[in-house]
Amino acid sequence: MTSLRSMAARLPFPNSARWLLPVVLVLLFLAILIWLPWQARQMESNERQEQLIADTLWVEQTIRFQLGRHEEDLKSVANEILAGATVERLHERMANELRTGLELKRVMWVTPEGEVAASSEEAPLPVATLSAASREAAERARLSRDGVYSEPSPETRNPAGTPGAMMMDYHYPLYRGATYLGTLVGTYQLSAILEEMVPWWFAQDNQVTLLDRDDRILARRAAAGPGHGVYTHKRALDLPGATITLMTDSVKTAPKLLPNLLVGSVIVLALALLWSLLALWGHISRRLEAEEALRQQMAFRTAMENSLVTGLRARDLEGRITYVNPAFCHMVGYSEDELVGRSPPMPYWAPEVMAEYQHRLQNVLQGTVTPQFETIFQRPDGTRIPVLIFEAPLVDNEGRHTGWMGSILDISDRKRIEELNREHQEKLQASSRLATMGEIASMLAHELNQPLAAISSYTTGALNLLARPDVDPAKLKPALEQAGTQARRAGQIIKSVHEFVRKRETERHDVELATMIDSIRALIELQARPHQVSFQTAIPGNLPLVRADRIMIEQVLLNLTRNAIEAMAGVSPGRRVLRVAAHHDAAAGQVVVSVIDNGHGIPQDVAERLFSPFFSTKAQGMGMGLNICRTAIEFHGGTLTHRDNPQGGTIFTFTLPASSHAAASSQ
């Protein structure tokens, strides 16, 4: 026992060390508890200072931006002055600048002589009263030809006689070429700049002051009382020609050192972090779902657009291409990279329709567009393709018009089909003419036999006279003249038939209806004579010309008159009268032609199918005559109809467009 005590007396350190460590830990913990709140206080103080600096910088930029906006507005007023605007217009424009910016107290145009040429005031002084600093700024602006601010000075026009508010002038020189027209002066009240341009929330936390170059107070705004001088910051406004400093002094005091600041902050931050994590997780989940849905929609839209044979093209309001689909690229022969972002003129515009493109582009830039039109595109190899374009406004999700979306169809196949149909119609018309001439071939032979027989008789008689020794040559002249007349008659008949049946391109001209009837009168009478039909016409002398293809309309007239002649085969000879009448419908701008017969009429069941292809009531008919007639009339923009004749028979009526030249002449 004694030895153990002596050993303990010799080794006292272990007993002290077991207390030293807890004490050190407690002291360290206390030091940390003291240091962390102090550090937090320092951090908060630094954050307040940094926030003040950032807010001051933002306020400075706001003030500078607003002043810059006024500079641009004053330059716009200057442009109106240089453009020769009236004094009333300038007064209205200047007064409007004051209404839009309350910090701007006056705008006036001061001539080089110091006179006020125009002002925002209702009754301006004839001579401008400018401070010495303002006059100096005006001279600097004149020399530099750019806007200059004056150093602030008290208001010169103060009726009360007391020291006025600090004012600052902005001078913008007016030059027309090398001629100096004076300066455009915008006067700012510095206190109003603070009232109008400093946000209320910033003024509630800070005292805002404008200082000159010597740190003298020019204007001050202290909505929440004076600052405490703990957090301050200065920032130069950087105005050309003037030295003004923006000083902010926070009304906040230094942060208090709260004992439970760290604990409360940790708990609040931990709870906020947990809530933020949960909210972030939910937001991320919803965002991922939305992105997946968007990807599916984009994939669906891309697949749909890539599968379209219709070309899609989007343009902005300036005519630049913003989007094309593969079908459009394939159509014009250019890649998407070559087209997107391209401004007019476009590489696929064909030179022969460049004026049409430019005209439509101007309409697009003016906000009007043709919803549907046909034009021609050109591929890089020079191939032309006809296209049909549909365009509609492109509107964003906020309802703003952002451009135009166009759908483009390649109508090459349709054009080829139309050309084939046209050629087919021409062949049908030629076949119809040949069939018509086949039907009247025998009558034509009889008609030609008469002049040929007469020619033979006259020539035989002439030869007999020549055989006599005492023949008088003068006696041969009448016989030879008659032979020549009959030869010309036969030649005219052959020429008329040739012109009627030959194949040719359709050509529209201004022609007289009476001339067309006269050219086929011999053929009509040739068909009418065996049936004992009398042919009559009623064509007014003042009837305007018609715009038509002569041979096509002659074929229509010949077909209709032939049908009318055949329809009167079963009536008494006294009623077999064929009439062709016409009149001018001035309201519709058309000439109306009627082919009238006194025949047996058309039964109701036949009338319903009268114009159908290959329908005929004749045993040897092809059933294409009336169908071709209607096609020819519709080709001219008219109509072919029929109705019963009150006196018995049928009236076929068709319309043709009256010539605009003839209409103008008649007026």
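Here is a friendly conversation about a predicted model of a protein chain.

Colleague: Before we start, what should I know about numbering and cut-offs in this predicted model?
Modeller: Residues are numbered from 1 along each chain as its sequence is written, and side-chain values use heavy atoms, with hydrogens and water left out. Local features need pLDDT of at least 70, totals for chains, interfaces and linings use all residues, and side-chain atom pairs count only at pLDDT 80 or more.

Colleague: How many helices and strands does the protein chain hold?
Modeller: Helices (H or I, at least four residues) and strands (E, at least two) are DSSP runs, numbered from the N terminus. Going by those runs, the secondary structure of the protein chain comes to 18 helices and 22 strands.

Colleague: What share of the residues in the protein chain is buried?
Modeller: Buried means under 20% relative accessible area, exposed over 50%, and partly exposed in between (1.4 Å probe, protein chains only). The protein chain has 667 residues, and the buried share of them is 38%.

Colleague: Is helix α15 largely enclosed or largely open?
Modeller: Helix α15 covers residues 550-567. Of its 18 residues, 15 are buried, so the rest of the structure leaves α15 largely enclosed.

Colleague: What span should α15 have, and how far apart are its end C-alpha atoms?
Modeller: The expected span of a helix is 1.5 Å times one less than its number of residues. For the 18 residues of α15 that gives 26 Å, which agrees with the distance between its end C-alpha atoms, 26 Å.

Colleague: Which strands stand at the edges of the open sheet of five strands?
Modeller: Two strands pair if DSSP finds at least two bridges between them. The order in this sheet is β12-β11-β15-β14-β13, with antiparallel pairing. Each edge strand has a single partner strand, so one side of it is left without a neighbour in the sheet; these strands are β12 (321-324) and β13 (372-378).

Colleague: Which residue of β14 is the bridge partner of Glu374?
Modeller: β13 and β14 (residues 384-395) pair in the antiparallel sense over seven bridges. In β14, the partner of Glu374 is Leu388.

Colleague: Which helix packs on this sheet?
Modeller: The helix touches β11 (311-316), β13, β14 and β15 (401-410), where contact means heavy atoms within 4.5 Å. Its direction makes about 130° with that of β13, and it is α10 (residues 354-365).

Colleague: Where is the cis peptide bond that ends at Pro345?
Modeller: Pro345 is found in the loop between α9 (336-339) and α10. The bond has omega near 0°, and it runs from Pro344 to Pro345.

Colleague: Which residue in the turn between β7 and β8 has a positive phi?
Modeller: Strands β7 (residues 206-211) and β8 (residues 217-221) run antiparallel and are joined by four bridges, with Thr209 opposite Arg220. They form a hairpin with five residues between them.

Colleague: Is Gln532 buried or exposed?
Modeller: Gln532 sits in the loop between α14 (513-528) and β17 (534-538). Like a few of the details above, its backbone deserves a look: phi is positive, about 55°, although Gln532 is not a glycine. With a relative accessible area of 53%, Gln532 is exposed.

Definitions and conventions: Axes are lines fitted to C-alpha atoms, for helices over the stretch in contact, and angles run from 0 to 180 degrees between N-to-C directions.
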